[in-house]
Amino acid sequence: MTIRLNKIVQAIPQVETLCDVGCDHGYIGIGAWEMGKARRVIFMDISAPSLQKAQNNCANVQMNNCQFVCQDGIQSVVCDCAVIAGMGGLETISILQNTTRPPKFLVLQPMRNQMDVRKYLLSNGYKLTLDVKFQDVKYYDLMVAELSAEQMELSPFQLKFGFTNLASPSQDFVNFLLEEQRKYTQILTQCRDTEVAEKLSDTNLALEHIGGQQ
Ligand SMILES: C[S@@+](CC[C@H](N)C(=O)[O-])C[C@H]1O[C@@H](n2cnc3c(N)ncnc32)[C@H](O)[C@@H]1O
């Protein structure tokens with residue numbers, strides 16, 4: 001299992017029913033079941049050939065108590081936790097918007113538009129309990145959210161960088177910021193770009209912020 005898949009599986013809370021949305025190979029649902037995190041796993045994919053991969057891999061590990069659903073998103077399927085990993089942030093939001101019974105827990109690994117995902121979660125009854133950047137060759141964002149009666153508020157800075165990253169920065173997050181800083185500085189030596197200049201300024205602020213934490 002890759003570092004990315006392992007991090008996602010580790011972040012899944014102990015639940016009765018897990019839905020691996022956009023499961024493809026099914027390694028996330030299989031990993032969660034093998035680690036005893038879920039008693040029952042619903043594998044779901046919009047693509048029949050992808051779902052078939054999950055079905056074959058489940059058969060290889062003799063996994064029982066699982067179900068295979070070929071459809072677009074969660075819709076009316078009921079589960080305690082849904083994992084949506086490896087998809088764009090806007091696709092992730094669209095899946096959540098079309099979910100009839102929002103799961104108590106969400107484990108999300110959006111590839112882009114992470115800030116939109118954070119905003120969506122907070123304005124739709126979820127609080128974030130984890131929001132971290134990690135490296136597995138590339139950098140990824142991993143979020144865990146839970147339905148909550150209390151509204152969670154995040155500053156624009158936390159919405160941009162993830163509250164866990166800022167509160168307890170990992171070495172991966174520091175490395176990410178340093179790489180971003182180098183990249184934006186390099187671009188600005190060649191051309192003046194307001195958007196890049198803003199990104200560099202935010203990155204510098206984040207580095208200052210976490211410098212003050214350490
Ligand atoms: C890049 S793969 C990610 C696989 C796995 N979740 C992971 O993180 O390694 C994306 C998978 O999501 C599926 N997918 C994309 N949009 C979907 C949707 N709206 N509903 C269900 N599955 C979807 C694709 O068919 C594909 O198998």
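**Close-up views of a predicted model**

**Figure 1. Contact between the two domains.** Four residues of domain 1 are in contact with five residues of domain 2. The structure shown is a predicted model. According to the domain assignment of the protein chain, domain 1 covers residues 3–152 and domain 2 covers residues 171–213. The centres of domain 1 and domain 2, taken over C-alpha atoms, are separated by 30 Å.

**Figure 2. The area buried between domain 1 and domain 2**. The size of an interface is often expressed as the accessible area that is lost when the parts come together. Between domain 1 and domain 2, about 450 Å² is buried, and carbon and sulfur atoms give 57% of this area. On the side of domain 1, Lys133, Gln135 and Tyr139 supply 94% of the area buried against domain 2, more than any other three residues.

**Figure 3. The crossing of helices H1 and H2**. Helix H1 comprises residues 3–11, and helix H2 comprises residues 27–34. Their axes come within 9 Å and cross at roughly 50°. An angle under 35 degrees would count as roughly parallel, and one of 65 to 115 degrees as roughly perpendicular; H1 and H2 are therefore oblique to each other. The crossing in which H1 passes H2 is right-handed. From H1, the residues that make the contact are Leu5, Ile8 and Val9, while H2 contributes Tyr27, Ile28, Gly31 and Ala32. Sorted by class, the contact of H1 with H2 has six nonpolar residues, one polar residue and no charged residues.

**Figure 4. The crossing of helices H4 and H5**. Helix H4 spans residues 89–97 and helix H5 spans residues 114–122. The axes of H4 and H5 come within 8 Å and cross at roughly 20°. Because angles under 35 degrees count as roughly parallel, H4 and H5 are described as roughly parallel to each other. H4 passes H5 in a crossing that is left-handed. On H4, the contact is made by Gly89, Leu90, Ile93, Leu96 and Gln97; on H5, it is made by Asp116, Val117, Tyr120 and Leu121. By class, six nonpolar, two polar and one charged residues take part in the contact of H4 with H5.

Note on methods. Residues are numbered from 1 along each chain as its sequence is written. This is a predicted model: local features need pLDDT of at least 70, side-chain atom pairs count only at pLDDT 80 or more; totals for chains, interfaces and linings use all residues. Side-chain values use heavy atoms; hydrogens and water are left out. Axes are lines fitted to C-alpha atoms, for helices over the stretch in contact, and angles run from 0 to 180 degrees between N-to-C directions. Helices (H or I, at least four residues) and strands (E, at least two) are DSSP runs, numbered from the N terminus. Angles under 35 degrees count as roughly parallel, over 145 as roughly antiparallel, 65 to 115 as roughly perpendicular and the rest as oblique. A crossing is left-handed if the near helix is turned anticlockwise from the far one by less than a right angle, and right-handed if clockwise. Contact means heavy atoms within 4.5 Å. Ala, Val, Leu, Ile, Met, Phe, Trp, Tyr, Cys and Pro count as nonpolar, Asp, Glu, Lys and Arg as charged, and the others, Gly among them, as polar. Domain bounds come from an automatic or database domain assignment. Buried area is the accessible area (1.4 Å probe) that two parts lose on being put together, summed over both.
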